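Colleague: Please take a close look at the inside of this model and tell me which side chains are packed there. One connected account is enough.

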Amino acid sequence: MVAHFRGLECAGCVPVTRRICVNARAYWLRARCAWRLLPHGLPPWQTVYHYWRQWRQDAVWERMLTGLRECASTRRSTSPRRPDWPCQPVGRG
């Protein structure tokens, strides 16, 4: 799915991988913090924001989520339903 993203190289910039940019966005969503408060281990907030905004304008996030939903629905319809927890209650001690 990440293949939809554009290259992240620019003149005079330190190259940033797509994965790091996606990880920074995931951190931003989880932390619900301001862009400026991204940790130092991630790219500068300006870089992450720039690509987030560009991908949002190009509808990359919508295409990616649509593809993930299609994969999930295909996987659900082709695999037998398996319970997420044991069916038999566990006895106490």
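Modeller: Valine 16 counts as buried, because its relative accessibility is 15% (buried means under 20% relative accessible area, exposed over 50%, partly exposed in between, with a 1.4 Å probe and protein chains only). The model is predicted, so local features need pLDDT of at least 70 and side-chain atom pairs count only at pLDDT 80 or more, while totals for chains, interfaces and linings use all residues. Residues are numbered from 1 along each chain as its sequence is written, and side-chain values use heavy atoms, with hydrogens and water left out.

Valine 16 sits in the segment before α1. Its C-alpha atom is 9.6 Å from that of leucine 42, a residue 26 positions away along the chain. The chain has three helices and zero strands; these are DSSP runs numbered from the N terminus, with helices being H or I of at least four residues and strands E of at least two. Of its 93 residues, 23% count as buried.

The largest nonpolar core has 15 residues, and those with the most contacts inside it are Trp28, Trp35, Trp55 and Trp61. Such a core is a set of buried Ala, Val, Leu, Ile, Met, Phe, Trp, Tyr and Cys residues joined through side-chain atoms within 4.5 Å. Two or more of its residues come from each of α1 (18-31), α2 (45-57) and α3 (60-78). In soluble globular proteins, nonpolar side chains tend to be buried together.

The whole structure holds seven aromatic pairs. Rings of Phe, Tyr and Trp (its six-membered ring) pair if their centres lie within 6.5 Å; planes under 30 degrees apart are stacked, over 60 edge-to-face, and the rest tilted. Tryptophan 28 and tryptophan 35 are stacked, at 4.1 Å centre to centre and 10° between the planes. Tryptophan 28 is buried at 18% relative accessible area, and tryptophan 35 is buried at 12%.

Leaving out residues up to four places away in sequence, tryptophan 35 touches Trp28, Trp45, Val48, Tyr49 and Trp52, where contact means heavy atoms within 4.5 Å. Arginine 25 lies over the face of tryptophan 61, 4.2 Å from the ring centre (NZ of Lys or CZ of Arg must be within 6 Å of that centre and within 35 degrees of the ring normal).
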